[in-house]
Amino acid sequence: MIGGLFIYNHKGEVLISRVYRDDIGRNAVDAFRVNVIHARQQVRSPVTNIARTSFFHVKRSNIWLAAVTKQNVNAAMVFEFLYKMCDVMTAYFGKISEENIKNNFVLIYELLDEILDFGYPQNSETGALKTFITQQGIKGQPQTKEEQSQITSQVTGQIGWRREGIKYRRNELFLDVLESVNLLMSPQGQVLSAHVSGRVVMKSYLSGMPECKFGMNDKIVIDKQGKGGTTDDPGKSELGGSGKQSIAIDDCTFHQCVRLSKFDSERSISFIPPDGEYELMRYRTTKDIILPFRVIPLVREVGRTKLEVKVVIKSNFKPSLLAQKIEVRIPTPLNTSGVQVICMKGKAKYKASENAIVWKIKRMAGMKESQISAEIELLPTNDKKKWARPPISMNFEVPFAPSGLKVRYLKVFESKLNYSDHDVIKWVRYIGRSGIYETRC
Amino acid sequence: MTDSKYFTTTKKGEIFELKAELNSDKKEKKKEAVKKVIASMTVGKDVSALFPDVVNCMQTDNLELKKLVYLYLMNYAKSQPDMAIMAVNTFVKDCEDPNPLIRALAVRTMGCIRVDKITEYLCEPLRKCLKDEDPYVRKTAAVCVAKLHDINAQLVEDQGFLDTLKDLISDSNPMVVANAVAALSEIAESHPNSNLLDLNPQTINKLLTALNECTEWGQIFILDCLANYTPRDDRESQSICERVTPRLSHANSAVVLSAVKVLMKFMEMLPKDLDYYGTLLKKLAPPLVTLLSAEPELQYVALRNINLIVQKRPEILKHEMKVFFVKYNDPIYVKLEKLDIMIRLASQANIAQVLAELKEYATEVDVDFVRKAVRAIGRCAIKVEQSAERCVSTLLDLIQTKVNYVVQEAIVVIKDIFRKYPNKYESVIATLCENLDSLDEPEARAAMIWIVGEYAERIDNADELLESFLEGFHDESTQVQLQLLTAIVKLFLKKPTETQELVQQVLSLATQDSDNPDLRDRGYIYWRLLSTDPVAAKEVVLAEKPLISEETDLIEPTLLEELICHIGTLASVYHKPPSAFVEGSRGVQHRRLPPRAGSGESAESPDVGQSGTSEAPPAVIPSQGDLLGDLLNLDLAPPTATVPPVQPSMQMGAMDLLGGGLDSLMGDESDTLGGDIGGSPSMGAGLGAAPAAMPAALGGAPAIGGGLGDLFDLGGGVGMPTGSYVPPKTMWLPAMKAKGLEISGTFARRGGIIQMDLSLTNKAMSVMTDFAIQFNRNSFGLAPAGPLQVLTPLSPNQTIDVSLPLSTSGPVMKMEPLNNLQVAVKNNIDVFYFSCQYPLSLLFVEDGKMERQVFLATWKDIPNDNEAQFQIKDIHLNSDAASNKLQGSNIFTIAKRTVEGQDMLYQSIKLTNGIWVLAEMRVQTGNPNYTEMELSIKCRAPEVSQFVYQCYELVLKN
């Protein structure tokens, strides 16, 4: 299991050092600094073995988190734990920075003591942790016995992510369907790979221990129900650019509150939600994706010192919808000396430091097209290596789910308290963003 | 509040100040001080001097302060064991605290204090905590047992904690179960043979129930533990799989991977015709693909594992090629792993896409990645035959980019393509040769040299190319040197006439000037092979090579099985068994996959994929396959005993019987002349130098001196031309090979004296002097009976004939073939080596006529196994003529019989070393042409029969 956990600043100075196992000595701290942080070349692997000691590291801004072990640990677990550790720290004191870590080092030690015992990760749900570890130190002693046992039963209990006795005057929940659409397209417009990775993020402000049931237009469920099974559609969800009835989900994963065995057998998503914001599920689709934009590149080399670039973007969704924050990034060679740009819409600028022309458009409706052309002057070089021609990438945000996913219902049952599903105010929002949306040129 | 200020205290006398603060009466001040201590501890300052003061702060009801003190204790208790005892009371007291958080904190911290004296006090509180009413305390106590076991295993066993821990598996709280499982698994790992984790269907059921309810981490502990269980039969295996599959949808990648591990392992037991087996296979792909949308570090772990899974069960991901396409922004470690998997998944169906991608990657920036992409193109060519042509043209395109490392990598892979598809793409060689100068990496140079050697006959200037490499031979890496050696030998065997010098040069570089034993040994092997029997050498060196295997870099099946059992762990990331990187006994157990259940399939190897689509695992070819292959060929080559001793192509020059006689006459004169010269010190030195230059492996330097003196006089004997047959001179050492010295020669036996007739020609531009000759040990102990008499100097374009008398008293070593003779000739320029073969008739002595009675007795005495039968065709002689002719060569006819129209001649031969050879020759008298004779040879040393027969043939036909 994890033998020790170190946090370093960008210089390699130790900010936090917690050793869990006897086989990890103080020299491990230095070994990582010397061999990884101060290493001359780029990091070639997130797992490094130095003198039979394995180091797992992740970086958050310029802070290094490293877990150390001498055993054959579950590597996936170690990384998941490091991410979780980051989440927990962020939940407690915001951004992970040198200053924040130094300011909260006592808290971090306390957390490390609680969520990692002898190198075994323990309950790391912030909801539960916050009941007994606070930024003001541990809650004072005057706790009643009931309170104490409530804490322990929550930390160890089946529903470790939610505490009892939550009360809201207004029962409300927000559902965000956040999708990022990824594309790799050949210069000829052939889709090399495309997929949507989506997340359903929920903010729940519900009283008691509500039992929730979530439904979407999952092809397997719809097919099973046949055509008559649409009665419980609350009709609150608005449809994006798709008129599809159901979508094929390649795979999905759930927050630990979801009863996986029930999903496996009935494909129904039922759970008792944590309080506040959390990620209910992640999913991935690859079929029938609506690609909101198409990029058509045209790069022509005029002699050795000039490059002509023309890029057309076409929006491909309902004309009534508006895409926002559109940004097209056209890479330029390293030896670019000057660029002249003409675009019909938006603003375009050559950014020498980023080796790219950045073209920004604030808004663009569906079924439109826009164009940019640029002349790139090149310095003559004797560098034999060809320019690698990085792909043209795009960023945007659209108000629909490119996968075609629709929320059909989210039902809330709380038998002990006197509110029903109809009393809960529900909000659903769809946001489609660009993931890695690239067209080769 | 800002705690960062504690990091900035670097004043002198700090410890002293802290001490005062720690002993302050004010709680707040105390706490501040402890925080400062912890901050100093973090940055690596030694604050152990404050131990008693810090421990004094332990008695507090402030939980935050208590925790800080505990943190300090855990760090320094070991260095101050006596003082650590002071803390025991507080721990014991805290373990009785009404607050479960405090009880747990105490037992948790106590386990981390690795002081023997303290562990004794720990036992009682721990026993209580294991049975605490609060699950939070129990789950902490469960881990504490593992801690205690790490400090003192015996104590844990003696105190019966292991049994209590086992009981906790049935606890009502899932987290207690999970921690108990984790603790037991760890303890069991250090007792490989104990039955500690007594997994039976009941406990498995409990674990599976807890699996649904515990935290994500607990699920990992339980799944990892389940993976060690071996179900009793396929039904149990299936039911566990069914209960584990829902975990594939967990958001935590580690839960998913651990579930994959359990499924991959238990799947082995399911009969393949089972519907569920297919369902399970289908269920595995989506979660594996989903792992690729995780953070890059996890992607890396996932990809390393997918690499294993793809090798084990290629069918799972065979349709998922696209998800492994590299993204521009992927970290390099993800890119490299994806590339690896892409090649594994490449098949005829997706090869076009893959190739297009690879070509794209080959223009990227990262050198390692580009190299790997180029290599991948080569691997595609080898894997998917239909794509080979496109791959080759893609590689050629890449070579045209002239990017140095791309060119080098491309040449390395093209070499492999040649090995897979010989005689198909050689048209590209010209393009490759153009880039010869830019190659600066050993692997690329070696590959290029291999190509030149392998296809020497198609490359006009192969010798020039190789020669250019030879100039800096000593600066090359071993890999290149070895390859160069082999390539030049190949070249020589293909174009022997022009490249003798070259091969001579490389052999001497490899054997004399190199310290590398591999190189030297290989040099000797080639040298010996070439000098002994060029035909055999040809068969060996130019033998058909085994084709390169389709799959490369596969993990060896037993290791793969073990790694599959370690999915998700570090072992699967390193692709090494845990024993390779874990110290001590932990993790040294080798895990194996369970055998498959079911009727006919039990005997089947678990490696065989579904429905017979995959074959037996292909053999792994190491990256230096070609080098090894060449050496292997040596071993595989058939024995060369049956090869005729005289190579037809070497037979040159007109028949010149008279010349031989003249030579011998001339030899007489030169002998007398040479008497003086032989005595000159320079000559002696020359002779001395020659043996020193002879390689040790060839049997050391023969001590000639003595024999030389004895026989010196004999050399002066008059050559008596008898009827003995003297074969025409053949070329022994071409000028190309010996810096302009050309030697041709033959052997003769004249009046009982063996002579070596040599023609030395100077084809160089400069004068040659100081000739000397030396023989290697040989089968019949032939040795020069005098020095080589050469009228020095030998001017350019001059030829002289020398006759060298030979004795048979030299050192003996059996040669292959028997009549092989290795010769070293020295002149003022260099030492040259060649080998020649002498007719055995040279050794037939004049008193070889056996008594009839003795003949009969001997004939009967020699076992029939030793009898060899030969046929001699196209002889136009009758038995008497033949008999006369043979007599001239000391083959004596003892008796003659005519039976049923056949003449039977009984003959005897005696060799110089006293071996008798008896022969029965049957001649068809009825046939006027006497075209056929049958020869039976009997000898106690049957290996000579073959050569005796050759003498018969030679004599009778000439």
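Among contacts in chain A (heavy atoms within 4.5 Å) between residues at least 6 apart in sequence, 72% join residues at least 24 apart. This is a predicted model, in which local features need pLDDT of at least 70 and side-chain atom pairs count only at pLDDT 80 or more, while totals for chains, interfaces and linings use all residues. Residues are numbered from 1 along each chain as its sequence is written, chains are lettered from A in the order in which they are written, and side-chain values use heavy atoms, with hydrogens and water left out.

**Chain A**

- Chain A has eight helices and 25 strands; helices (H or I, at least four residues) and strands (E, at least two) are DSSP runs, numbered from the N terminus.
- Of the 441 residues in chain A, 57% are buried, meaning under 20% relative accessible area with a 1.4 Å probe, protein chains only.

- Strand E10 (residues 172-185) and strand E11 (residues 191-205) of chain A run antiparallel and are joined by 14 bridges; two strands pair if DSSP finds at least two bridges between them.
- Five residues lie between the strands in the hairpin of E10(A) and E11(A), where A:Gly189 takes a positive phi near 90°.
- A:Glu179 has A:Gly198 in E11(A) as its bridge partner.
- A:Gly198 also stands opposite A:Tyr283 in E15(A).
- E11(A) and strand E15 (residues 276-285) of chain A run antiparallel, with nine bridges joining them.

**Sheets in chain B**

- Strands of a sheet pair through backbone hydrogen bonds, either parallel or antiparallel.
- One open sheet in chain B has three strands in the order E4-E7-E8, with antiparallel pairing.
- Strand E4 (772-775) and strand E8 (831-837) of chain B are at its edges with a single partner strand each, so one side of each has no neighbour in the sheet.
- Neighbouring strands of this sheet are turned by 25° against each other on average, direction ignored; the axes are lines fitted to C-alpha atoms, and angles run from 0 to 180 degrees between N-to-C directions.
- Four bridges pair E4(B) with strand E7 (residues 820-826) of chain B in the antiparallel sense, and B:Ala772 has B:Lys826 in E7(B) as its bridge partner.
- Strand E3 (residues 753-762) and strand E6 (residues 799-807) of chain B pair in the antiparallel sense over eight bridges, and B:Met756 stands opposite B:Leu804 in E6(B).

**Nonpolar cores**

- A nonpolar core is a set of buried Ala, Val, Leu, Ile, Met, Phe, Trp, Tyr and Cys residues joined through side-chain atoms within 4.5 Å.
- The largest nonpolar core has 293 residues, of which A:Phe56, B:Tyr72, B:Leu317 and B:Phe418 touch the most other members.
- Helix H2 (residues 75-93) of chain A gives the most to this core, with 14 residues.
- Another core lies apart from it and has 65 residues, among them B:Ala738, B:Ile800, B:Phe947 and B:Val955.
- Leaving aside neighbours within four places in sequence, B:Phe418 is in contact with residues including B:Tyr425, B:Leu432, B:Trp450 and B:Tyr455.

**Between chain A and chain B**

- In chain A, 93 residues are in contact with 109 residues of chain B.
- About 8800 Å² is buried between chain A and chain B, with 56% given by carbon and sulfur atoms; buried area is the accessible area (1.4 Å probe) that two parts lose on being put together, summed over both.
- Twelve salt bridges are counted between chain A and chain B, each a side-chain nitrogen of Lys or Arg within 4 Å of a carboxyl oxygen of Asp or Glu.
- A:Asp264 forms a salt bridge with B:Lys283, and the closest N and O atoms are 3.8 Å apart.

How values were computed
Buried < 20%, exposed > 50% of the residue type's maximum accessible area, 1.4 Å probe, protein only.
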